[in-house]
Amino acid sequence: MMPFNYLGFVFKHFGSLIYPKEVLEELCIFLKPFSHQESVLDVGAGTGVLSEFAYKCNNKLKYVAVDPAEGMLKFALPFIETYVASAEKLPFKDDSFDVVLMGESLHHFYNPSIAFQEVKRVLKKDGKLFIYDFDVSTFQGKSICMMEKLFGEPAHFYKPSTLKEILEEHGFCVHIVNHKWRYTVSASLS
C-alpha cells in the first residue's frame, strides 16, 4: 500500500500537473451555476488540489475535504475545512452538500459501491457529482492500474461506460467526456 500519509509534500507540489487544461475547463463549467455559498465536498481529496482548482473557478462556495491520510490533508489551503475519513464512512449528516468532487480518488476506494451510497446520502436532493479519473480501457490507463496494483492499492479503475452504469444504478443522471486516456463525469441525482 502506498504510504500516502507521508507523501503530502510530493502531491502538494506535483499533483496539479496531472490535471489537463480541458478537465479544469470542464470543472469550471460544472461549478458555474453555483453562486450562493453552496457546500462542496472533495472526497479522497489528498492535499486538496481539486478543491484549489475549483476555488479558482468559483470562490463563493464552501469547500470541505475528506481523506484517510492526515499527512495529505495537512497541506490543504486554509479555505478548505478538512476531515480525516474514508469515502466509505463520511462523517456528515444526510443531505449536507450541494456538490461532491472526486479527483483521481475513486480508484483508491476500498469499496466504491459503499462510497457511492455515502455520496448519495450526503448529497442534497438534486446534488451534483464531478469525477476525474483514468480510463482503464486505454494503454495509459491500464499502465497506471498495473502500477497501482503493484503498490498494493485497490485500483478500482473503470471504463467510462461501466462507471456510467454503476452511477445510474445509484440514481444519478450521468454525462461523460473523454480526454484521451482520462475522462470526467458530471452527474446529478435524479
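**Figure 1. Order of the elements in the predicted model.** From the N terminus on, the elements of the protein follow the order α-α-β-α-β-α-β-β-α-β-α-α-β-β. The radius of gyration, taken over C-alpha atoms, is 15 Å, close to the 16 Å that the globule rule gives for 190 residues, so the protein is as compact as a globular protein of that length; the rule is 2.2 Å times the number of residues to the power 0.38. Seven helices and seven strands are present; helices (H or I, at least four residues) and strands (E, at least two) are DSSP runs, numbered from the N terminus. This is a predicted model, in which local features need pLDDT of at least 70 and side-chain atom pairs count only at pLDDT 80 or more, whereas totals for chains, interfaces and linings use all residues. Residues are numbered from 1 along each chain as its sequence is written, and side-chain values use heavy atoms, with hydrogens and water left out.

**Figure 2. The buried residues of helix H5.** Helix H5 spans residues 112–122, and its buried residues are Pro112, Ala115, Phe116, Glu118, Val119 and Val122 (buried: under 20% relative accessible area; exposed: over 50%; partly exposed: in between; 1.4 Å probe, protein chains only). Seen down the axis of H5, these residues fall within an arc of 160°, so they line one face of the helix; the arc is that of the directions from the helix axis to the C-beta atoms. They pack against strands E1 (39–43), E4 (97–103), E5 (123–134) and E6 (172–179), and against helix H7 (160–169). Of the 190 residues of the protein, 54% count as buried.

**Figure 3. The aromatic pair of Tyr63 and Phe79.** The structure holds nine aromatic pairs (rings of Phe, Tyr and Trp, the last by its six-membered ring, with centres within 6.5 Å; planes under 30 degrees apart are stacked, over 60 edge-to-face and the rest tilted). Tyr63 and Phe79 form an edge-to-face pair, with 5.8 Å centre to centre and 80° between the planes. Tyr63 lies in strand E2 (residues 62–67) and Phe79 in the loop between helix H4 (70–73) and strand E3 (80–84), so the pair ties together parts that are 16 residues apart in sequence. Tyr63 is buried, at 2% relative accessible area, whereas Phe79 is partly exposed, at 26%.

**Figure 4. The ring cluster that includes Trp181.** Tyr132, Phe134, Phe157 and Trp181 are linked into a cluster by ring pairs. Over the ring of Trp181 sits the charged end of Arg182, 4.1 Å from the ring centre (a charge sits over a ring if NZ of Lys or CZ of Arg is within 6 Å of the ring centre and within 35 degrees of the ring normal).

Methods. Contact means heavy atoms within 4.5 Å.
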